[in-house]
Amino acid sequence: MPGSISFSFGEIMILKQDSTKQKLRGAYYTPKKAASKMVEFFKEDASIQTVLEPSCGSGVFIDTVLEHGILKEGGMLTAIEIEADVVQKTIGRVGQHPNVRLLAMDFFQYYQEKKDTQRFDLIVGNPPYIRYQYLEDAQRAMMSQILKSHGMKANKLINTWVGFLVACVHLLSENGKLAFVIPAEILQVAYAEDLRLFLAKQLTRITLLTFEELIFPDIEQEVIVLIGEKGGEEQGIRIIELNNLDDLDTLSLCAQDFQKLSRVHEKWTKYFMNEKENRLIARLRSDRRFQKLSDTARINIGITTGNNKYFSISKKEVEQYDMDDVVRPLIGRSSHANSVYFSKEDWKKNAESGKAAYLVDFPDIPIEDYPKKHRDYIQNGEKSGQHTGYKCRIRERWYRVPSIWVPDAFFLRRNNLYPKFVLNCCDAVSTDTMHRIQFYGGIEPERIVLSYYNSISFAFTEICGRSYGGGVLEILPGEAGNLVLPVLDSIPMKTVRSVLKQVDKMIRKSENIERVLDLVDGQILVDGLGMNAKDCIQARQIWKKMQRRRLQRG
């Protein structure tokens, strides 16, 4: 496991036999400038006597520790690397330095042997980012034991960098410091939830350096530098946003303030906001005039066809195979939804324009009873291998899509400027590009959809959702359920429909979405519910700030 990261879970999964050795080892080495600055932060700390580099690779952190004179007289740097040939090369280059101990072994094994006896004043490095399925059984077992021993859950989504980080925090001395290059997804992904809570409890100060530009030229992977400190006064967390590695030249940590860190399960993306903004968000969460989307509806992923290209078809294909009686109206993509009310006319327009506006829904009868053209479509799919994908392969009858039901509304899963919330007015269905919304009994759908189109709820889309290197905002069902919406029960239904129809008209005309927010903020939140206009303005600023940060990484 050399000192580096590998590909993120968001990329296409590749089979182990097709992966290069470099990828499987996570062998993408740290730029010298990043390593140098990470070590330089601790140059004036006279208390550092013991240093650990748990995955040293070619030795860039060894070089920088020696160059900056971090090791005082009698100090010792322990560097570990699993690849013996890499260790030999590093030894040949570094030489027999009296203050450097190089070990060719698995770091997880080293941790098991030294966890009760060895502590380090400084731990630096860039742990490998290797997916669970690419680890050996013994490594999986050791990492699971490390996580469970610190009160964390172990599952198949966990990557090696998580195990490295947990073990290294445990190996810190009473006032120890740590600086790691890790994937930026620590800020937001669900599988790192336990890790964030663990770090919040173990470290008194956490600094996160983010970069607008990718700092690893060989991979499309957004990374951050995490600086953690034990001991001393508890100060919390701070996020410092940088453009690129050149900004490290003038960076001074002393000039940056911390925010109080909550010791709860939460995303750390909230700390891109300042304390005043976070106070507003906390106040809105507890305001009785607001509710969660999950309080009003069941939120489910769209239909998992197993092969959208095969099961989502155009009008031409419907006619070619006489499928009128085995298809359903489909809203398949964001571009299919250009309104708030998705009507039969909207669907027909999509169908007439040649879009894949139909979902194939073969009946539960013996295939022998299917019309010949339907059997031809299935046979053609088998000839071209459409049935070999995992989701299709595990079905009793691969060509029958399960869990098809008509929702009340749709909420887009992946989005650019903002997620669309669309009423289903034509008994359409959707693929898993959208979430299906089924409102609870007694809920008036138009009230809920209108309650979403405002600055406060839009701010929560950025807070609850997650973004990746491409600038796309993704919201999963559980995250959508946490969106905060104003309760419109006191607003007359006549007013709700009037305003929502205006919103629909503006969206159909592709007007700037902020004009929609102006309308709903003013007429519904301020005039209707008595909200403070300043809160709406500040929420709008939060939404734009978080959105801008996300899009800049696109």
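This is a predicted model: local features need pLDDT of at least 70, side-chain atom pairs count only at pLDDT 80 or more; totals for chains, interfaces and linings use all residues.

Reader: Which elements are included in what covers the buried residues of α19?

Author: The buried residues of α19 include V516 and V520. An α-helix has 3.6 residues a turn, so residues three or four places apart point the same way. The cover over the buried residues includes α15, α16, β22, α18 and α20.

Reader: How far apart are the end C-alpha atoms of helix α19, and what span should its residues have?

Author: Helix α19 runs over residues 513-526, which makes 14 residues. At 1.5 Å a residue, the helix should span 20 Å. The expected value agrees with the distance between the end C-alpha atoms, which is 18 Å.

Reader: At which residue does α19 bend?

Author: The bend in α19 is about 25°. The residue at the bend is also one of the buried residues of the helix. That residue is V520.

Reader: Which residue has a side-chain oxygen that reaches to the backbone nitrogen of E514 at the start of α19?

Author: The contact is found at the start of α19, and the oxygen comes to within 2.8 Å of the backbone nitrogen of E514. The side chain that supplies this oxygen belongs to N512.

Reader: Among the elements that cover α19 is α15; how many of the residues of α15 are buried?

Author: The buried residues of α15 are E446, R447, I448, V449, L450, S451 and Y452. The helix is therefore mostly covered, where buried means under 20% relative accessible area. Of its eight residues, the number buried is seven.

Reader: Another element in that cover is α20. How many residues does α20 give to the lining of the largest cavity?

Author: The structure holds four cavities of 30 Å³ or more, and about 110 Å³ of space lies in the largest cavity. Its lining consists of Q188, T269, F272, E462, G465, R466, S467, L473, M546, R549 and R550. The element that gives the most is α20, and its number of residues is three.

Reader: How much space lies in the second largest pocket?

Author: The second largest pocket is lined by 15 residues, and those nearest its centre are N308, S312, G332, R333 and A356. The elements that give two or more residues to this lining are α10 and β11. The space in the second largest pocket is about 280 Å³.

Reader: Is H435 buried or exposed?

Author: H435 is found in strand β19. Leaving out residues up to four places away in sequence, H435 touches I299, N300, I301, G302, A409, F410, F411, R413, I475, L476 and P477. A polar atom of the H435 side chain lies 2.6 Å from the backbone oxygen of I475. Because its relative accessible area is 1%, and buried means under 20%, H435 is buried.

Reader: With which side chain does the side chain of N278 make a polar contact?

Author: N278 lies in helix α9 and counts as buried, at 11% relative accessibility. Leaving aside neighbours within four places in sequence, N278 is in contact with Q259, K270, Y271 and M273. The polar contact has a distance of 3.1 Å, and the partner side chain is that of Q259.

Reader: Is D427 buried or exposed?

Author: D427 is found in the loop between β17 and β18. D427 has a positive phi of about 55° although it is not a glycine. Because exposed means over 50%, and the relative accessibility of D427 is 55%, D427 counts as exposed.

Reader: What is the relative accessible area of S403?

Author: S403 lies in the loop between α14 and β15. S403 is not a glycine, yet its phi is positive, at about 55°. S403 is partly exposed, and its relative accessible area is 46%.

Notes:
Residues are numbered from 1 along each chain as its sequence is written. Side-chain values use heavy atoms; hydrogens and water are left out. Helices (H or I, at least four residues) and strands (E, at least two) are DSSP runs, numbered from the N terminus. The expected span of a helix is 1.5 Å times one less than its number of residues. The bend at a residue is the angle between axes fitted to the seven residues ending there and the seven starting there. Buried means under 20% relative accessible area, exposed over 50%, partly exposed in between (1.4 Å probe, protein chains only). Contact means heavy atoms within 4.5 Å. A polar contact is a pair of N or O atoms within 3.5 Å; within protein, one must be able to donate a hydrogen and the other to accept it, and residues adjacent in sequence count only if both atoms are side-chain atoms. On a 1 Å grid over the protein atoms alone, a cavity is a set of points where a 1.4 Å probe fits but cannot get out, and a pocket is an open set with protein on both sides within 12 Å along at least five of seven lines; lining residues have an atom within 4 Å of a point. Grid points are joined across faces, edges and corners, and a volume is the space filled by probe spheres set on the points.
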